[in-house]
Amino acid sequence: MSPAIISLLDLGATSDREDAPSMRPGFDGWIRTAPSLFDDAFVSPAVAGAMLAVDLRRIPMDSDLVAAHPRAFAIRRSGDDDGPVDPRRAMPPVGAAWARLRDAGTADLLRAPIVARLGEACRAGARGFLLTNAQAIGGSFLGAVVDDLVGGFPAVAILIEAAGLGDDDLRALAGRGLAGLVVDGRASDLRSAGAIAHYQRLRPIAPVLMAATHDLAVAAALGDGVILPADLADSAAGREALDVARRVAGWRGEMRRLSGDGAAITALLRTDATDVRHAGDALVILANGTAVSQPIGHGHAWLEQAGAAFEALEQQADLAPGEVRVLGTRRADPIRIAGPSDASVAADAPRLVIEGVSPSVAGGDFAVKRVVGERVAVEAVIFADGHEQLAAELGWRASDGDDWQTMRMAQLPNDRWAGELTLDRLGRHEFVVEGWLDRFGGFRRDFGKKLDAGVAQPVDHAEGLALIRAAADRSTGDLRAALIDWAERAAAGAGDPAASADLLLSPELAAVMDSADDRPHAIVSPGQSIDAERLQARFSSWYELFPRSMTDDKRRHGTFADVIDQLPRIRDMGFDTLYFPPIHPIGKTNRKGPNNTLTPEPHDVGSPYAIGSADGGHDAIHLELGTFEDFAALIAAARDHGLEIAIDFAIQCAPDHPWLKEHPGWFAWRPDGSMKYAENPPKKYQDIVNVDFYGPDAVPGLWLALRDVVLLWAEHGVKTFRVDNPHTKPLPFWEWMIADVRAKHPDAIFLAEAFTRPNMMYRLAKVGFSQSYTYFTWRDGKQELVDYVTELTTTAPKDFYRPHFFVNTPDINPPYLQTSGRAGFRIRAVLAATLSGLFGVYSGFELCESAALPGREEYLDSEKYEIRPRDYNAPGNIVADITLLNRLRRAHPALQTHLNTRFLPAYNDNIIYYAKPEPAGTGMILVMVNLDPHQPQETHFELPLWEFGIPDDGRIAVHDLVGGYRFDWTGKAQWIRLDPSEPYRIWRIAPGETA
């Protein structure tokens, strides 16, 4: 057998011996295109050392073979071009004769002379042959020729063109000792998945040599050798191809493409084994097919596709345009860990599996949020090996007690089990799920099936009796006596199969056996805590006002007593929580003037968020508002009106807050003794400085002081706190502080004013905040509202994050409200009030206030910096809408949570339409809103008749909750037009005569 061929120089049909590659270093030989097989030049001295490219079919027309066997050849004939064709005379042959070598008779006839002629060329010095047009000859004939020739000339190298060869041809060539199969590299895409699969298909037959005319280095990387045209041999591309061919030589194992179609870099893997799974070493070949440099990095993404674990490539420089780079790697050593313990230890491991327990927050690290009195549906996946019958139990208790309440869980499809618990007390609870093998239950199940099939045997009855006796043996007292009685009755009835079956399957026996169940292979899930908060943590309507603005004269500071006068108005709108921004003394240093200016007048009141002055800090009341006695009177009056007071807990200080002098170690000072004021770019708060939670004296002093502030106000009757910017304070502080406050005041509620990244907002909820401000303020379009509410109701946050939909705040004058007019205020009100159980407005919203600082989301003449008296009866207000919405929220529990929101089809992107199913399932609230405050919108929409099992053409009763009238809808498909003057509808639908 000839040595492996890695590189050949294709000289074409030239006869110039000076072009021989003995003059070209780097090549293993050269190919000449030979004349016809039986031409005299085929065996001339010029063939010495060459690989001759020859088509075995091509025989000179004057050959004796053609004359002797004309039917073995295809012969082309042509008439005289200058005259007409005479059909009586045979036309003369032209060109060469072509042997019909796929014909078995012809092949047998011509095989010997062809092999003989090839042998003559070998004796003349030819190194070997490239047999062209193999698809027209056939693998069987070629294989026979190869065998004959190699038998006489063992060192001859034979290459065969692979184009067009079928599977039968390739099988016929396998094992013949071919020097290679030649692939035409002129294909348009050498890198395609199909092309690479083709090369891989050829490789088990013989080495693959790529005859390249373009992408030379890529062709060399794909093959086991490369054939280059003479005119490219000395080019940079030719030299690169030769180098690549030498690098990949001998890598005859599996080849895979690691990159996808259209990738800038083609990545190939070549291994040292026919199956990559058994490979020890590999090459990664990277080819840049673009005109610009491409980054490589470590190549992790490519090796992920390798099908085996190889070591990461070293960091690589960028791949130059058109560059091909060959990198080596090897099989990565596997990670070996200590073996498992012995079998007896393994046998003690749980046989059952409990997973997918819900509700759950972060695998049980944080509490699920619910409200007291709520029934909580619990599910878990429980399974074991085999077909054993399982049983499951839900257990729960209050965190301050040891007594567990329990209920058996019901089995659902696909290994799921369900139960339900009730939160009877305010505060933290815990629940677990227990599963075990139910042996007697499994007996009853299988015995019943056998009876139904008529295949029950006496041994089956005996098995049931054995289980009863085993239960009696492990029981005591009355239970043991009862089981012995059951066992005796079962034994006595053994002769009567029907009576025995009735006894063994009786519910009474099942109940007694359940009491005696030793719960084999029992497993208990980790505990999951649940915080049962009061209803207002999930359902409440908030109204925010500045007490100092409760005046009819801007020059007179409002007081708590003035707020009391406003309580009937606020109550009548249906609000149940009245929230104040900070009510503490306001600093004078760097006090802000109107519209956040830095040049206040002596009479300017400043921002209440600049907390602290010589009059006190967070534990004091701004003197112009009143005293603690006045505040107590306000608390009492609010309760009489069905209102709860919430205050702002803002952890920030004016520069003249007493803490700066009393506790300088609670703050971060600059080297020059100054302090940086607070910022939330682009907003600047020159009148505020922040505490340093990890300052030199802050732990535990500052933490305790802040907790004590909350406890102080809780003692004064405040149990609801809106927390300003909690995301800028440490999470460990909030987790500790909220838990400590709730240990003393379980009814405390904390609202996070965290307009920040979702992960931080969700984490604040996990560590204890009852509610949170949301992105609702900026969600105006239909799809963004649908996406946001769907996220809150169907993904992980549903179990711990309660969204509080404030329509506006003193800090946020939303762009939508600045341009939407009165209709926009009504639209945003109905969305907030019906999408979430928590709904809030800042005073002035009911008057449709929208004047803004130019280009800003801030109010012009903001109430944060000045007193703003208002005429709450001003024309154009939407008090009636707000009152209606709050009345409906109180009357319909379906509107008291966000978790039941289901969006329904309305075929107009400006109309949003959703359902709020009622807890008992007896009816459903439907809400439809025109989101366009300027134009009427129309839509076809679908009634959710399917929710009630009503056919698409059925009837359902409707109550229009806005207009107050009742009617019926017939058919699922309906149509409506919503005008900005009446931009929303709220209906209740229910099956039956009336809704």
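These entries record what I looked up on cavities and cysteines in a predicted model.

**Conventions.** I number residues from 1 along each chain as its sequence is written, and side-chain values use heavy atoms, with hydrogens and water left out. As the model is predicted, local features need pLDDT of at least 70 and side-chain atom pairs count only at pLDDT 80 or more, while totals for chains, interfaces and linings use all residues.

**Cavities.** A cavity is a set of points, on a 1 Å grid over the protein atoms alone, where a 1.4 Å probe fits but cannot get out; lining residues have an atom within 4 Å of a point. Grid points are joined across faces, edges and corners, and a volume is the space filled by probe spheres set on the points.

**Largest cavity.** I note a volume of about 100 Å³. Its lining includes Phe 546, Arg 548, His 557, Ile 583 and Leu 625. By class I list 8 nonpolar, 3 polar and 1 charged (Ala, Val, Leu, Ile, Met, Phe, Trp, Tyr, Cys and Pro are nonpolar, Asp, Glu, Lys and Arg charged, the others, Gly among them, polar).

**Second largest cavity.** I note about 80 Å³ here. Among the lining residues are Lys 369, Glu 374, Asp 799, Tyr 801 and His 898. The classes are 3 nonpolar, 2 polar and 7 charged.

**Cysteines.** I searched the whole structure for disulfides (pairs of cysteine sulfur atoms within 2.5 Å) and found 0. Cys 653 counts as buried because its relative accessibility is 1%, where buried means under 20% relative accessible area with a 1.4 Å probe, protein chains only. Cys 848, at 15%, also counts as buried.

Note on methods
1 Å grid on protein atoms, 1.4 Å probe; cavity = no way out; pocket = protein on both sides within 12 Å on 5 of 7 lines; lining within 4 Å. Buried < 20%, exposed > 50% of the residue type's maximum accessible area, 1.4 Å probe, protein only.
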